[in-house]
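Subject: Structure handover

Hi,

Here is the structure I promised to pass on. Please open it first, then read the notes below it.

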Amino acid sequence: MAEPKSGSWKNSMSGRERIRHVVELLDEPTPVQEIADRADVSRATADDELNRLQSDDWVTETTVDGTKAYDLDPVRVLFDEVTNLIEAHSRDELESQLTELKEEQEELATEYGVSSLDEFRERLADEDLSAAELRERRNVIATWEAINTELGLVKHALQLYDDVVELSSPRTDSPSTLA
């Protein structure tokens, strides 16, 4: 993570803005003091803003090595990602992405003679593989997991597409499809 260390960082953003910026970049639960240090604010300021962000469902509180820590709220992250997909792509584009992702998944299954990622993982433990083959298989697992994640996001986007578009549009006299 690379926050600016110069005076411009402090001059261009308030302490609370810097905390929010740091939080947006979190990729794992992070102790309050580390967030405060990254944002160049006091622990008390960080703690106060993190409590507010938690009440707004932006972060969740947890512990790391017995110390209070925060991470991005996974539900909020999911909805943000789905909303971003819907805003960036038409329904047709999302359907095309879904098809492409399923094709990639099927190609992996065919290439390795398995029907699922779980089966592929089971074979990993059963087969006598060299270190190079194990590294390759670990890369395949990472790829397959990424495809599965994208598939889930695209499916959610397609399921929520009409509702998000309707709710994002200027108000009209037409009744909502949400009931």
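Start with Glu24, which sits in helix H2. With a relative accessibility of 57%, Glu24 counts as exposed. Glu24 and Val140 are 116 residues apart in sequence, and their C-alpha atoms are 29 Å apart in space. Keep in mind throughout that this is a predicted model.

**H2 and H4**

H2 covers residues 15–24, and helix H4 covers residues 43–55. Their axes come within 10 Å and cross at roughly 65 degrees. The crossing is right-handed. Which residues make the contact? From H2 come Arg16, Ile19, Arg20 and Val23. From H4 come Thr45, Ala46, Asp48, Glu49, Leu50, Arg52 and Leu53. By type, the residues of this contact divide into five nonpolar, one polar and five charged.

**Pro31**

Next is strand E1, residues 30–31, where Pro31 is placed. Is Pro31 buried or exposed? Its relative accessible area is 18%, and buried means under 20%, so Pro31 counts as buried. Leaving aside residues up to four places away in sequence, Pro31 touches Val64, Thr67, Lys68 and Ala69. Pro31 and Ser14 are 17 residues apart in sequence and 21 Å apart in space, C-alpha to C-alpha.

**H3 and the residue after it**

Helix H3 spans residues 32–39. Buried in H3 are Val32, Ile35, Ala36 and Ala39. Viewed down the axis of H3, the buried residues fall within an arc of 100 degrees, so they line one face of the helix.

What follows H3? That residue is Asp40, and its phi is positive, near 60 degrees. Asp40 is not a glycine. It lies in the loop between H3 and H4. Asp40 is partly exposed, with a relative accessible area of 38%.

**Asp65**

For background, most residues other than glycine have a negative phi. Where is Asp65 found? It is in the loop between strand E2 (59–64) and strand E3 (67–72). At 78% relative accessibility, Asp65 counts as exposed.

**H7 and H8**

Helix H7 runs over residues 117–126, and helix H8 over residues 131–168. The H7 and H8 axes come within 11 Å and cross at roughly 165 degrees. Angles over 145 degrees count as roughly antiparallel, so that is the label for H7 and H8. Their crossing is left-handed.

- H7 contributes Leu117, Phe120, Arg121 and Leu124.
- H8 contributes Leu134, Arg137, Val140, Ile141, Trp144, Glu145 and Asn148.
- The residues of this contact divide into seven nonpolar, one polar and three charged.

Best wishes

Note on methods:
Residues numbered from 1 in each chain as written. Predicted model: local features only at pLDDT ≥ 70, side-chain atom pairs only at ≥ 80, totals over all residues. Heavy atoms only, no water. Axes fitted to C-alpha atoms, helices over the stretch in contact; angles between N-to-C directions. Helix = DSSP H or I, 4+ residues; strand = E, 2+ residues; numbered from the N terminus. Parallel < 35°, antiparallel > 145°, perpendicular 65-115°, else oblique. Left-handed = near helix turned anticlockwise from the far one by under 90°. Contact = heavy atoms within 4.5 Å. Nonpolar A, V, L, I, M, F, W, Y, C, P; charged D, E, K, R; others polar. Buried < 20%, exposed > 50% of the residue type's maximum accessible area, 1.4 Å probe, protein only. Arc of directions from axis to C-beta.
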